[in-house]
Structure formats: C-alpha cells, structure tokens
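Hi there,

Here is the structure I promised to pass on to you. Have a look at it first, and then read my notes below.

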Amino acid sequence: MASFDDAVARVLEREGGYVDHPADRGGPTNFGICQRDFPAEDIARLTVGRACELYRQHYWHPLFDRIVHQPVANKLFDLCVWFGAPKGIRLAQVALHHQDATVDIDGVMGPQTLQALNLSPVLPLLRELRFRAAQHVTALALADKTQVAFLDGWLRRACW
C-alpha cells in the first residue's frame, strides 16, 4: 500500500524552498505551499514539518493509502499538490478513461477510481498521467503568456 512519507518526500524534492517569483499567480511559495492557497500561513517562515502537515491534510486523500503501486500514488499526489486535488484526480480519471477504464471523470477520489488505479498496468498509466500533466501545463502557458516562463520546468515535472 502507498506511503504518504514516500510521496511527500518526492514532492518536497521537486518543490524546493522559498520562492517569490513576480509571475507566480500563487504568490510566495515555500516547499510548494503557496500564499494564495494558505493566506493564514507565514510562507517565508514555513517549516518542512508544517508543509507536510498541510500536504497530508489538504492533498493526501485517505484512499491514497490504498493505492497498490507507490509510483502511481506518488504521481497522483504530485498532480493534486500541483493543480489542486479535484483537478489532479480529474487528470488521473481522464488518463484511466484513455486506458479503457470505466470511471466517472468528476474529480472525486472514490472506490471506482481507486479500483481502476489499482487494476491499471503501472507503466502505461504513468505514461498517460505524465502526458495529461504535460498537456495541461502547455494549455495553461498558451492561455496566459505570463506563465510561459515556467513551462520548461513544468514539462520536466510532468515527465517525472
């Protein structure tokens, strides 16, 4: 079964520390936690421990513990952190749908989505999740030219 500790360690690896890029619509960010989503947090002084608490509370769905393959849980968790939980789950559901799984594309992590994640062949599913993430960030950059500066990094992250 999937481990939150493993998934959050991988996200923290990619998120890094404090950043306050003027084009970042989330505002100041630390360990991937942005001011826009957590206005009551002191982002500049955020600790890794507090970031992990926020990740577990807001992005690690209880059913993620029941995902059989850790790489799938890692990628799904990353998508939820990156795009918000409903959008991350919806991208996974689209990926599953394109693998002929019968799932509702509703952004809700339920037993149907969990079963499809666990029954889907891991490598093809991961390729599809990466493709869907790359497609999404490309669309974001095309829709808002101020975000093009982030596209190279976004595409690297989509592909891990």
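How are helix 4 and helix 6 oriented to each other? This is a predicted model, in which local features need pLDDT of at least 70 and side-chain atom pairs count only at pLDDT 80 or more, while totals for chains, interfaces and linings use all residues. Residues are numbered from 1 along each chain as its sequence is written, and side-chain values use heavy atoms, with hydrogens and water left out.

**Two helix pairs**

Two packed helices are described by the angle between their axes and the distance between the axes. Helices here are DSSP runs (H or I, at least four residues), and strands are E runs of at least two, numbered from the N terminus. Axes are lines fitted to C-alpha atoms over the stretch in contact, with angles from 0 to 180 degrees between N-to-C directions.

Helix 4 and helix 6 pack at about 125 degrees, their axes 9 Å apart. They are therefore oblique to each other (under 35 degrees is roughly parallel, over 145 roughly antiparallel, 65 to 115 roughly perpendicular, and the rest oblique). Their contact (heavy atoms within 4.5 Å) includes Leu91 and Ala95 of helix 4 and Leu125 and Leu129 of helix 6.

The axes of helix 1 and helix 2 come within 11 Å and cross at roughly 120 degrees, so this pair is oblique too. Among the residues in contact are Val8 and Leu12 of helix 1 and Cys52 and Tyr55 of helix 2.

**The core**

Of its 53 residues, Tyr55, Ile67, Leu76, Phe77 and Met109 touch the most other members. Helix 3 (70-83) is one of the elements that give two or more residues to this core, and helix 3 provides its largest share, 9 residues. Leaving out residues up to four places away in sequence, the residues that Tyr55 touches include Phe31, Trp60 and Val81.

**Two residues to look up**

Most residues other than glycine have a negative phi. Phe31, though not a glycine, has a positive phi of about 55 degrees, and Asp100, also not a glycine, has one of about 70 degrees. Phe31 lies in the loop between strand 1 (29-30) and strand 2 (33-34), whereas Asp100 is in the loop between helix 4 and helix 5.

Is each of these residues buried or exposed? Phe31 counts as buried, at 17% relative accessibility, while Asp100 is exposed, at 71% (buried is under 20% relative accessible area, exposed over 50%, partly exposed in between, with a 1.4 Å probe and protein chains only).

Enjoy exploring!

Technical notes. Core = buried A, V, L, I, M, F, W, Y, C linked by side-chain atoms within 4.5 Å.
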